Amino acid sequence: MVYAIVKAGGRQEKVSVGDIVVVNRLKAEAGSSIELAPLLLVDGETVTSDAKALAKVKVTAEVIGNERGPKIDILKYKNKSGYRKRIGHRQDLTRLKVTGIK
């Protein structure tokens, strides 16, 4: 089995061909192809982590689309002072489908 550890959207993800990965928002349009930076490559019994060897490896992915994550509610409260603040947050995300590891 061939898989790679890639740096995508500020995090590290374990990917293989055909996987769908959700990462932080990338500046890419739906349907476009992007290249992800590999940090480690596992090809059967062989594990490659050398920077010179990984410079030759290409991990390509297709952008399926942009979306937003689940809503996170934040509530700040201080006892006996009447201070109450309620805010929310939704993270911008990009959904990718890995198309090749070469």
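1. Basis of the values. The model is predicted, so that local features need pLDDT of at least 70 and side-chain atom pairs count only at pLDDT 80 or more, while totals for chains, interfaces and linings use all residues. Residues are numbered from 1 along each chain as its sequence is written, and side-chain values use heavy atoms, with hydrogens and water left out.

2. The cavity. A search of the whole structure finds one cavity of 30 Å³ or more, and the largest cavity has a volume of about 30 Å³. Here a cavity is a set of points, on a 1 Å grid over the protein atoms alone, where a 1.4 Å probe fits but cannot get out, and lining residues have an atom within 4 Å of a point. Grid points are joined across faces, edges and corners, and the volume is the space filled by probe spheres set on the points.

3. The lining. Around the largest cavity stand Val-6, Ala-8, Glu-13, Val-15, Val-21, Val-23, Leu-36, Leu-96 and Val-98. The elements that give two or more residues to this lining are strand 1 (2–8), strand 2 (11–15), strand 3 (20–24) and strand 9 (92–101), where strands are DSSP runs of E with at least two residues, helices are runs of H or I with at least four, and both are numbered from the N terminus. By class, the lining residues divide into eight nonpolar, no polar and one charged; Ala, Val, Leu, Ile, Met, Phe, Trp, Tyr, Cys and Pro count as nonpolar, Asp, Glu, Lys and Arg as charged, and the others, Gly among them, as polar.

4. Val-21 lies in strand 3 and is buried, because its relative accessible area is 9%; buried means under 20%, exposed over 50% and partly exposed in between, with a 1.4 Å probe and protein chains only. Leaving aside neighbours within four places in sequence, Val-21 is in contact with Glu-13, Val-15, Thr-94, Arg-95, Leu-96 and Val-98, contact meaning heavy atoms within 4.5 Å. The C-alpha atoms of Val-21 and Lys-97 are separated by 6.3 Å, although these residues are 76 residues apart along the chain.

5. Ser-16 lies in the loop between strand 2 and strand 3 and counts as buried because its relative accessibility is 11%. Not counting residues up to four places away in sequence, Ser-16 touches Met-1, Val-2, Tyr-3, Val-98 and Ile-101. Gly-69 is placed in the loop between strand 6 (59–68) and strand 7, and with a relative accessible area of 6% Gly-69 is buried. Under the sequence limit of up to four places, Gly-69 touches Arg-90, Gln-91 and Leu-93; Gly-69 and Arg-90 are 21 residues apart in sequence and 5.5 Å apart in space, C-alpha to C-alpha.

6. Lys-7 has its place in strand 1 and is exposed, because its relative accessible area is 52%. Beyond its neighbours within four places in sequence, Lys-7 is in contact with Ala-37 and Leu-39, and the C-alpha atoms of Lys-7 and Leu-39, 32 residues apart along the chain, are separated by 6.9 Å. Ala-53 is found in helix 1 (residues 51–54) and counts as partly exposed at 31% relative accessibility; Ala-53 and Leu-36 are 17 residues apart in sequence and 15 Å apart in space, C-alpha to C-alpha.

7. Lys-80, a point to check by eye. Lys-80 lies in the loop between strand 7 (72–78) and strand 8 (83–89) and counts as exposed, because its relative accessibility is 79%. Its phi is near 65°, a positive value in a residue other than glycine. Most residues other than glycine have a negative phi.

8. Charges and rings. The charged end of Lys-14 sits over the ring of Tyr-3, 4.3 Å from its centre, and the charged end of Lys-78 sits over the ring of Tyr-83, 5.8 Å from its centre. A charge sits over a ring if NZ of Lys or CZ of Arg is within 6 Å of the ring centre and within 35 degrees of the ring normal.

Notes. 1 Å grid on protein atoms, 1.4 Å probe; cavity = no way out; pocket = protein on both sides within 12 Å on 5 of 7 lines; lining within 4 Å.
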